[in-house]
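Trainee: Could we go through this structure together, one question at a time?
Mentor: Gladly, let's have a look.

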Amino acid sequence: MMRGWIDLFRGLGDSLLAVLRAEVATLQEDLARSGRIAGGALALLGAALILVFWILGLLIFVLVAVLAIWLPLWGAALTVLGLFLVVAAVLTWLGVRRLRQVENPVDTFRRRVDDHLDWWQSTLLRETRPLDVEPASVAGFDDEEEDLP
């Protein structure tokens, strides 16, 4: 009878291992497929980024050419340069301002631990609670020794 239970549990363990192996193999295949798809997508995004770089250059050229209708060529180029410098300065100022708002993760962790410790000390450790235990009475206790098991 015991042999039947042992065989049953052994078969259950073998089946569980087979299922885990199949799941791991499926996971590996899924990760490989996802990696191939992600690699292709990144290649397409890289090609698009290269095109955007050249499109930005052409846009700057068009802006200078349009301004050159009313200004000399050097004046149009300097105007576009000044515009880009102002935009870059504003973006830099906004980025630095936002970076100053970031708290160091170590400081955040320390602050949270300190908050928890303060809570423990102020709430749990300082709170005196009466015990709900009745004291044992010694009135019925004789000096005779009891038979202990």
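This is a predicted model: local features need pLDDT of at least 70, side-chain atom pairs count only at pLDDT 80 or more; totals for chains, interfaces and linings use all residues.

Trainee: What is the handedness of the crossing where α1 passes α2?
Mentor: Good thing to ask about this pair of helices! As α1 passes α2, the crossing is right-handed.

Trainee: How many nonpolar residues does the contact of α1 with α2 have?
Mentor: From α1 come I60, L63, V64 and L67, and they meet L73, A76, A77, T79, V80, L83 and F84 of α2. Sorted by class, this contact has no charged residues, one polar residue and, to give your number, 10 nonpolar ones.

Trainee: Is G75 buried or exposed?
Mentor: First place the residue: G75 lies in helix α2. Its C-alpha atom is separated by 9.0 Å from that of V64, 11 residues away along the chain. Buried means under 20% relative accessible area. G75 has 12%, so G75 is buried.

Trainee: What percentage of the residues in the protein chain count as buried?
Mentor: Let's step back to the whole chain, which has three helices and zero strands. Its accessible surface comes to about 14200 Å², with 69% belonging to carbon and sulfur atoms. Of its 149 residues, the share that counts as buried is 3%.

How values were computed: Residues are numbered from 1 along each chain as its sequence is written. Side-chain values use heavy atoms; hydrogens and water are left out. A crossing is left-handed if the near helix is turned anticlockwise from the far one by less than a right angle, and right-handed if clockwise. Helices (H or I, at least four residues) and strands (E, at least two) are DSSP runs, numbered from the N terminus. Contact means heavy atoms within 4.5 Å. Ala, Val, Leu, Ile, Met, Phe, Trp, Tyr, Cys and Pro count as nonpolar, Asp, Glu, Lys and Arg as charged, and the others, Gly among them, as polar. Buried means under 20% relative accessible area, exposed over 50%, partly exposed in between (1.4 Å probe, protein chains only). Accessible areas come from the Shrake-Rupley method with a 1.4 Å probe; for residues, only the protein chains shown count as cover.
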